[in-house]
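Please read them with the model open beside you.

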Amino acid sequence: MIKVRDIPQSSLEYSRIPTEELRERIRARKAELNAVILGHNYQRVEIQEVSDYLGDSLGLSQEAASTDADVIVFCGVHFMAETAKILSPSKTVLMPDLRAGCPMADFVTGESLRRVKARFPDAVVVAYVNSTAEVKAESDICCTSANAVDVVRSIPDERPILFVPDRNLARYVAERTGRECRVLDTAASQPSSATPGLAPILAWDGYCYVHDDLVLDELAEARKKHPGAKVVIHPEARGDLLREADYVTSTSKMVEIAEKHDTLIIGTERGLVDRLKQQFPLKTLIPLSGAAICGNMKMNTVAKLAWSLDHLQHEVVMDEEIRMRADRSLRRMLDLSGGWRAPTAEESALEDAGIRRSGCGCG
Ligand code: SF4
């Protein structure tokens, strides 16, 4: 057991401790606290190596909701740790570095969303899980890149959809569901493939700088070097690139696709490609862009993780009313029946009274 007097106080001091010693501290402290470490696919390899579970944000939150651990250390970005706290309110959720935020999530705030909702009172609000708790609380249902198409299909044809914050994912979903996509307060629209009778998707003008920066020239270059390679790209990328891909899918599904191909060009953050290369050392796995690195995701280090466990910092705390409303949007998505539906009068009454079963339907 590590005694409090033995431990350095600042995370900077931890960075001077040899890696093997840090790993040992992490192991000991995890056992002491009954803690679990959840690592996102985009984390540094050193973090992935000490994580108990690896995955995308939703998979990790489901893991958070079903684990018996008392303490969850979330190695990802802010909205992911928040999502874990929303789904597991009785657990202590920690982040090794509070500055690890998501610029895409920051495109929309609760207040800006409330203002736009007032302009479109008939719209169903769909929040990509890459959003703050406050934005989730203002939304009718959440979605992930893996289930966004199904969530949108579950919404009645005549209801417009306010989709936040990723315009690229909104466009992709619009193409797949036959809805027109209008990017809010811009002239950008995508009407050509729209099906008559379907109300449009009104997309927030946000994006992920890592995926939005992937360009056709890089894909052409990668294809020239690896002719015949299949191409998989994340739907946060731009539409012109997605139309060139053999597969458009979430990071979790990319792992399954990599199992099936010997040579694969992968259009997402480098952390996933690095992980897949370790997992499949005999395959040729090519990052679509070597520069596709999310600096926010890389803020977490093993030294900060060890500090976080030793000092029980930084704890995620949130207003209970916001948490409950955000929980409702997440659980609509997680509902085993799938997709959006209007809550029954009984469900609304229970939610308003704060009486709702805990635990994740998918757990
Ligand atoms: S990769 Fe993009 S969406 Fe993910 S945390 Fe970084 S900025 Fe946000």
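1. Asn-34 counts as exposed because it has 11 C-beta neighbours inside 10 Å; a residue is called exposed with 12 or fewer other C-beta atoms within 10 Å of its own, buried with 20 or more, and partly exposed in between, the C-beta atoms being placed from the backbone. Asn-34 sits in the loop between helix 2 and strand 1, where helices (H or I, at least four residues) and strands (E, at least two) are DSSP runs numbered from the N terminus. The phi of Asn-34 is positive, near 55°, although this residue is not a glycine.

2. Please keep in mind that this is a predicted model, in which local features need pLDDT of at least 70 and side-chain atom pairs count only at pLDDT 80 or more, while totals for chains, interfaces and linings use all residues. Residues are numbered from 1 along each chain as its sequence is written.

3. The protein chain contains 17 helices and 13 strands, and 47% of its 363 residues count as buried.

4. Helix 15 (residues 302-311) is mostly covered, with 9 of its 10 residues buried, among them Val-302, Leu-305, Trp-307 and Leu-309. What do the buried residues of helix 15 pack against? Their partners include helix 1 (11-14), helix 2 (19-33), strand 1 (35-40) and strand 3 (71-75), a contact being a pair of residues whose C-beta atoms, placed from the backbone, lie within 7 Å.

5. After helix 15 comes Leu-312, which has a positive phi of about 50° without being a glycine. Leu-312 is placed in the loop between helix 15 and helix 16, and it is partly exposed because 14 other C-beta atoms lie within 10 Å. His-314 lies in the loop between helix 15 and helix 16 (320-334), and a cis peptide bond with omega of about -15° joins Gln-313 to His-314. Such details deserve a second look, since most residues other than glycine have a negative phi, and most peptide bonds are trans.

6. A cis peptide bond, with omega about -15°, also joins Val-164 and Pro-165; Pro-165 is in the loop between strand 7 (161-164) and helix 9 (167-177).

7. An open sheet is formed by 4 strands in the order 11-10-12-13, with parallel pairing, where two strands pair if DSSP finds at least two bridges between them. Strand 11 (247-248) and strand 13 stand at the edges with a single partner strand each, so one side of each is left without a neighbour in the sheet. Strand 10 (residues 230-233) is joined to strand 11 by 2 bridges, and Ile-233 stands opposite Val-248. Strand 12 (residues 263-267) pairs with strand 13 (residues 284-287) over 4 bridges, and Leu-264 stands opposite Leu-285.

8. Which residues does Ile-266 touch, not counting residues up to four places away in sequence? They are Val-232, Met-254, Leu-272, Val-273, Leu-285, Ile-286, Pro-287 and Leu-288.

9. Leu-216 is found in helix 11 (residues 216-225) and is exposed, with 12 other C-beta atoms within 10 Å. Leaving aside its neighbours within four places in sequence, Leu-216 is in contact with Asp-240, Leu-241 and Glu-244. Leu-216 and Leu-242 are 26 residues apart in sequence, and their C-alpha atoms are 9.6 Å apart in space.

Methods: Contact = placed C-beta atoms within 7 Å.
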